[in-house]
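Visitor: I would like a short tour of this chain. Please show me the sequence and the structure.

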Amino acid sequence: MNKLKHILILTAGIAGLAACKPEIKTPAVSRGSADFTRYIAVGNSLTSGYADGGLYLEGQLNSFPSIIAQQMQQVGGGAFVQPLFTEGQSNGSGYLKLTGFNSSGLPILDTVKDKLAIRGIVSVPTNATTAIKVTTYTKYTGDINNYGVPGIKLTTAFLAGYGNLNGYYERMLPGEAPSASNSTAYIDFVTAKPFTFFSNFLGNNDALSYATNGGVGDVLTDKNTFATLYNQAIAKLTATGAKGVVATIPDVTAIPYFNAVTPAALLAGVQKSAPTVTSLFVNAKSSADATSTTYAVRELTNSDYMVLTFPTAKLGTLVSTPYGNLPYGLTKYTPIDNQYVLDQNEVAMTQDYVNAYNTTIKTVAASKSLAVCDIYSFFNSIKKNGLTEDGIFLNAGYITGGLFSLDGVHLTPRGYAVVANEFIKAINTQYGSTIPKVSVSQYRAVKFP
């Protein structure tokens, strides 16, 4: 009898515990006041999923718009189609891969050259006497939601005929470059079909192209021109009542491309074999005035930013000068070339332009009640403090930081997931939606050999 009593008491206890079990409620998801039935992504390489110096299938599949769209489908979002490369041409344009590290701990990179989607290289006239070489890729036909085009600027988004000058855009169009049938301006192409929601990340290359070339070979887009075109772009994107999210432009100095190779590290490397060397020299811009074209040789300082692609082995090699053969970069007669350095004045000028662009972006977005994903502030915060997501610490370090791919500019799949979450947060805040964030731990960082 006592045994039966104990069993009854135990059973009652278990039943009581079950009754006390906390109820876990899954938060309700909602689209809020937005309609994600047909979401389109407008922008450049970051929108396309470009990574490791190339556009390839894995990067495309992990583009931030693709990740956002997957999450949107939980609140009524529709299908999201990307102009993917096929499995047989999955390496697309080719890209960088990490094969190891040398005895100094520096990464050894190789280029993937198989399973490419390159159709050829064509010569496209730009005027009566000049032409440019354009790499073309396997054509894509069919519906498109992700219109990301590597290399495009806000200015070229309005350029009729740009489809003949950019192979990534050309592959979406009907004609083979050069062709009159490729004359549709990008902004008209992306808005040709109805859509209910958009993301817009145009504008990065209006500053980035100048910066990554060390201030040589390109120019910053005029601030007033940027404001005019950005207003026109948003007017076009909202003309039929679509809602959307826009992104600000990052500070170029927040990315590893400008922080992986430092003047101090270069000097320290030289001093290992030449201890008497105390300075490196650069041919630098003389002022932060955009109209000035004056450059002069001076000592390289820690306020200058070396580009990631600087060939460090070139330092100290002998250069023929009127004063005899002198070591490259180590004398005022053999300064480091402009293209390898975003010098202090060029940095100040670029940051001034980016700040002006971002003021325009925020002002236009406010006038249309659009969501703003402030990537400028987000990347600067990561550069300063790092970021912990899903228990993973991420920072802006090259290779080890987890966010940036091997080209030092574009993101890893994990980085794109982090950015997708920032877009989702901005959308939810503006439109009262509850799109779930994605778990960034499901996405990889830099792939080690």
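Visitor: What is the relative accessible area of K236, and is K236 buried or exposed, or partly exposed?

Guide: This is a predicted model, where local features need pLDDT of at least 70, side-chain atom pairs count only at pLDDT 80 or more, and totals for chains, interfaces and linings use all residues. Residues are numbered from 1 along each chain as its sequence is written, and side-chain values use heavy atoms, with hydrogens and water left out. Buried means under 20% relative accessible area, exposed over 50%, partly exposed in between (1.4 Å probe, protein chains only). K236 is partly exposed, at 38%.

Visitor: Which residue forms a salt bridge with K236?

Guide: A salt bridge needs a side-chain nitrogen of Lys or Arg within 4 Å of a carboxyl oxygen of Asp or Glu. Helices (H or I, at least four residues) and strands (E, at least two) are DSSP runs, numbered from the N terminus. K236 lies in helix α8 and its partner in helix α6, so the pair ties together parts 48 residues apart in sequence. The closest N and O atoms are 3.0 Å apart, and the partner is D188.

Visitor: Which kind of aromatic pair do F379 and F404 form?

Guide: Rings of Phe, Tyr and Trp (its six-membered ring) pair if their centres lie within 6.5 Å; planes under 30 degrees apart count as stacked, over 60 as edge-to-face and the rest as tilted. Here the centres are 5.6 Å apart and the planes are at 70 degrees, so F379 and F404 are edge-to-face.

Visitor: Which parts of the chain does the pair of F379 and F404 tie together?

Guide: Both F379 and F404 are buried. They are 25 residues apart in sequence. F379 lies in helix α11, and F404 in the loop between β16 and α12, so the pair ties together α11 and that loop.

Visitor: How far apart are the end C-alpha atoms of helix α10?

Guide: The expected span of a helix is 1.5 Å times one less than its number of residues. Helix α10 has 24 residues, so it should span 34 Å. The model agrees, with its end C-alpha atoms apart by 35 Å.
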